[in-house]
Amino acid sequence: QVQLVQSGGGSVQAGGSLTLSCAASGRTFGSNVMAWFRQAPGKERMFVGAITFLGTLNLSADYLDSMRGRFTISRDNAKNTVYLQMNSLKPEDTAVYYCAARSDYSGTYYDPGRYNYWGQGTQVTVSS
């Protein structure tokens, strides 16, 4: 089993910054791939990006389209923690952000169903 505990998040004004953290504990090989998803009100959970143990990034089309240059995904293997640094936040970034983990490197990264473990979710609210 892997436990994911998220921290960070909150409410900021447009243009502000937040950093989300997600710390994994337990069977750490279960977190070979760690990812971020977000779910806006009334919408489905959407893949933001994933990072492997070796640091390889897999980013969503939405990330490349609307978050590149503002959001950065990174991980610290020594701390078994993945980060989502968010700068220049916009009201449309308002969502509950979830981290997820799985041991399997293969297969699609964008499908929430492919992840075995989930964090508790963190609300990010950006006001205009």
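Cys 22 and Cys 99 are both buried in this predicted model. The two residues form a disulfide, with their sulfur atoms 2.0 Å apart. Cys 22 lies in strand β3 (residues 18–26) and Cys 99 in strand β9 (residues 95–102), so the pair ties together parts that are 77 residues apart in sequence.

**The disulfide**

- The count for the model comes to one disulfide.
- A disulfide is a covalent bond between the sulfur atoms of two cysteines.
- The link of Cys 22 and Cys 99 is right-handed, with 60° about the S-S bond.
- Cys 22 is also one of the residues that Met 34 touches.

**Fold and overall dimensions**

- Read from the N terminus, the order of elements is β-β-β-β-β-β-α-β-β-β-β-β.
- The radius of gyration is 14 Å, close to the 14 Å that the globule rule gives for 128 residues, so the chain is as compact as a globular protein of that length.
- Along the principal axes, the C-alpha atoms fill a box of roughly 40 × 25 × 25 Å.
- Of contacts between residues at least 6 apart in sequence, 58% join residues at least 24 apart.

**Burial, surface and charge**

- Of the 128 residues in the chain, 43% count as buried.
- The chain exposes about 6300 Å², and carbon and sulfur atoms supply 51% of that area.
- There are 11 positive and 8 negative side chains in the chain.
- The centres of the positive and negative sets lie 4 Å apart.

**Met 34**

- Met 34 is located in strand β4.
- With a relative accessible area of 0%, Met 34 is buried, since the cut-off for burial is under 20%.
- Leaving out residues up to four places away in sequence, Met 34 touches Leu 4, Cys 22, Ala 24, Gly 49, Ala 50, Ile 51, Arg 75, Asn 80, Val 82, Ala 100 and Ala 101.
- Met 34 and Leu 20 are 14 residues apart along the chain, and their C-alpha atoms are separated by 13 Å.

**Asn 32**

- Asn 32 sits in the loop between β3 and β4 (33–39).
- The relative accessible area of Asn 32 is 15%, and the residue is therefore buried.
- Beyond residues up to four places away in sequence, Asn 32 touches Ile 51, Thr 52, Phe 53, Arg 75, Arg 102, Ser 103 and Tyr 105.
- Ile 51 and Arg 75 are among the residues touched by Asn 32, and Ile 51 and Arg 75 are also among those touched by Met 34.

- Most residues other than glycine have a negative phi.
- Asn 80 is not a glycine, yet it has a positive phi of about 50°.
- Asn 80 is in the loop between β7 (71–76) and β8 (81–86).
- Asn 80 counts as buried because its relative accessibility is 9%.
- Asn 80 is also one of the residues in contact with Met 34.
- Ser 88, a residue other than glycine, has a positive phi near 50°.
- Ser 88 is in the loop between β8 and β9.
- Ser 88 counts as partly exposed because its relative accessibility is 40%.

How values were computed
Residues numbered from 1 in each chain as written. Predicted model: local features only at pLDDT ≥ 70, side-chain atom pairs only at ≥ 80, totals over all residues. Heavy atoms only, no water. Disulfide = S-S within 2.5 Å. Helix = DSSP H or I, 4+ residues; strand = E, 2+ residues; numbered from the N terminus. Buried < 20%, exposed > 50% of the residue type's maximum accessible area, 1.4 Å probe, protein only. Rg over C-alpha atoms; globule rule 2.2 N^0.38 Å. Contact = heavy atoms within 4.5 Å. Areas by Shrake-Rupley, 256 points an atom, 1.4 Å probe, with all protein chains shown as cover. Lys, Arg positive; Asp, Glu negative; His and termini not counted. Charge placed at Lys NZ, Arg CZ, Asp CG, Glu CD.
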